[in-house]
Structure formats: C-alpha cells, structure tokens
Amino acid sequence: MREDQSSSLQHLDDAELVQRAQSGQRAAFESLFHRHQDRVYTVALAIVGNATDAKDVVQETFVRAYKRLGSLRTDGGVVAYLCKTATNVAIDLVRARKTGKQVSLDAMKSSGIDIPDFSNSPQAHAELQVTNEELMNALLSIPDDQRIVLVLHHLEGVRVDEIADMLGIPMGTVKSRLGRGREWLRRRLYGKVID
Amino acid sequence: MKCETVRQLLAESDANALSAGVSPEVAQHLGTCESCAEYHKELQTVSAGLGGLTIVAPSELYPQVMQALPAKPGVLSRKMALLLSMLVVALCALIIEYYYFYGQYRQQEHVISTSCVESMPGVIPTPNTEEYSQTSQLTLEQLTPSQ
Ligand SMILES: [Zn+2]
C-alpha cells in the first residue's frame, strides 16, 4: 500500500509534492526527501567533511523544511531552498568547530571518524577520469575556508559577490580562495605542477 | 602577458568565465602558450567535475531523518505568518501607546490639581481641621445674615 503510494508520487514534480505534503500527505514529503537527499548530502559532506556531521546537517535541513512547509516555495525552488539551508547549517557547524584543520579521509580513518561510503557513487567526470570518491577525497583535503568557497560556487552555483555577502568577506578574498582551492585540486588530481 | 598573470587570472575567474570565455588578452596568450592552454583545460575539467559531484546518501539517513520529523508539518503560509506578525506588532503598539498616554494623562491631571491648590488658595481652600471644627460649632443665628 505504502509502496503503491510512493510509486504513484514519483511522477509528480516538486511543486505538486510540496502541495500534497502541505495538505498532510507525509508520503509526499518522503518522496521529496528521496529525490533530493543525495544532492543535499553531497553539499553537506563537502562542507563539513565527515559523514556523521553531514547526516546531522541533512537531518536538520529536512526537519526545518518540514516545519516551514507552509511557506516552502513551490515554484521549482525546492532544491535551491534545501541546498541553501544545508549550506547555512553546515557553515555554522564548521564555524562552531573552529579547528580550521583539514579533514582528509586518511585523517578521519586514523581518528575513527565515520567514513562516508562512496561505493555507489558514479564516476565524477568522464574527462577527469576520477571517481566521485577521488574527487571528494581531494576536495576534503583542502582547508575549510577554500573548500567552502569552492562548494558554494561550483556545487551550488552561488555567484562570487553573493558568496562575499554570505561569508562577510571581500570579493577579492573569495576570488583568491577560489583560485587557491582550484589550484590545489588541479595539482591533487593531475599530480603535477605546471611551471 | 606573463604566464604567471594568465594563470592567476584563470584560477580566480568565476565558473562561467572559465567555461564560456576568457578575455581577448588571455585568449591571445592561450593561443600561443601550450603550457597555459593545458592549465586552462585542466581547470575547466576540475570545475566541471565539481559541478557534477554526487555522493549517494547512506541508507541509514532515511530512517534517521524520518524519525526526527515532527508529527505534523508547519502549515502556516508565508502570507499568514506575515499577517499574524503584523497583527502582533500592531497590538503591542496599541498597548504601549495606551500606557504611555494614559500615564501622561494621569500625570497632567495631578499637575493641574496641585497647581490649582497652590496658585488659588482663596478659590479652593486647603482643608483646615481647625476651621472645620469652628464651623461645626456655629449656631443658626451666627449663620443667618444680619438684617
Ligand atoms: Zn603561458
């Protein structure tokens, strides 16, 4: 019965699912969750750097969305809303940590932190010839401040001036963090320094 | 243009500029410098790879989130919430205004009565227990005006 309900909801778009969820159909909200959980989890993981915190960020994101369901945008902005919420929650968490340390998977393994499972994730980019695991691992080796800027700009499509507003830093700082972060990634993935 | 300058410009340019097009000066350099052209291509690929980065959420996330959801969703729409908050603000303003002006009115009333007593002692006599006691002892003859 429940599976029938879920499958009947699959063909609905986000706006229709939000409307149904607003009228009390919990299965519609569950469908929204299944549809967008990977995207929200990726953003959360890329910012906080470990699976335990990333799961907490996703949980908080969907709980907030559920509590504000009445005012949730139904004009196709659901993913943007969820990612923005996840980003804010994740950035607050990183700031609260105040360690500024890198969070490479190797470091996490040695300290017993919950390691994200990449086994089902597809190849990141055909031309790059790396898996999502390798790309995320490379991303997690970048210092927090540069990684957050990279995630906001490339994963979420936030403009440079908007990132400056969000983080309360000058645009020049955003650009230099973007430059250093990209250069770090390029060296890590291509394993070379171009002179 | 120096290679170093070109690479810094490329690294710091936004994703759109990186994929859509670079400035004419940079483009001219890329046309002649194989090393910088390769650098540009690698940055474009890294940028595209990041844009498509997808990690599959762990299966335990679903029960974790569903368990954390409140029993009922928040149903207050944005318009309703705005209307409600405006009503609350208006009510607060009314209460503040009432107490402020009522307080001022009471104060003014007090000032007026005090000043009347002080400035017109003949018109409104101050209560004097001695006078009252004398008055109470007056006889009817004393009160009747003499013809
Ligand atoms: Zn060059």
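Biologist: Which residues in α1(B) meet residues in α3(B)?

Modeller: In this predicted model, B:C3, B:V6, B:L9 and B:L10 of α1(B) meet B:V26, B:H29 and B:L30 of α3(B).

Biologist: What makes up the contact of α1(B) with α3(B) by class: nonpolar, polar or charged residues?

Modeller: The contact holds six nonpolar residues, one polar residue and no charged residues.

Biologist: Why are α1(B) and α3(B) called oblique to each other?

Modeller: The axes of helix α1 (residues 3-12) of chain B and helix α3 (residues 24-32) of chain B cross at roughly 120°. Roughly perpendicular covers 65 to 115 degrees and roughly antiparallel begins over 145, with the rest counted as oblique. The two helices α1(B) and α3(B) are therefore oblique to each other.

Biologist: Within what distance do the two axes come, and what is the handedness of the crossing?

Modeller: The axes of α1 and α3 of chain B come within 11 Å, and the crossing of α1(B) and α3(B) is left-handed.

Biologist: Turning to chain A, what is its secondary structure?

Modeller: Chain A has 10 helices and two strands. Along the sequence, the pattern of chain A reads α-α-α-α-α-α-β-β-α-α-α-α.

Biologist: How many of the residues in chain A are buried, as a percentage?

Modeller: Of the 195 residues in chain A, 52% are buried; the cut-off for this is under 20% relative accessible area.

Key. Residues numbered from 1 in each chain as written. Chains lettered and ligands numbered in written order. Predicted model: local features only at pLDDT ≥ 70, side-chain atom pairs only at ≥ 80, totals over all residues. Heavy atoms only, no water. Axes fitted to C-alpha atoms, helices over the stretch in contact; angles between N-to-C directions. Helix = DSSP H or I, 4+ residues; strand = E, 2+ residues; numbered from the N terminus. Parallel < 35°, antiparallel > 145°, perpendicular 65-115°, else oblique. Left-handed = near helix turned anticlockwise from the far one by under 90°. Contact = heavy atoms within 4.5 Å. Nonpolar A, V, L, I, M, F, W, Y, C, P; charged D, E, K, R; others polar. Buried < 20%, exposed > 50% of the residue type's maximum accessible area, 1.4 Å probe, protein only.
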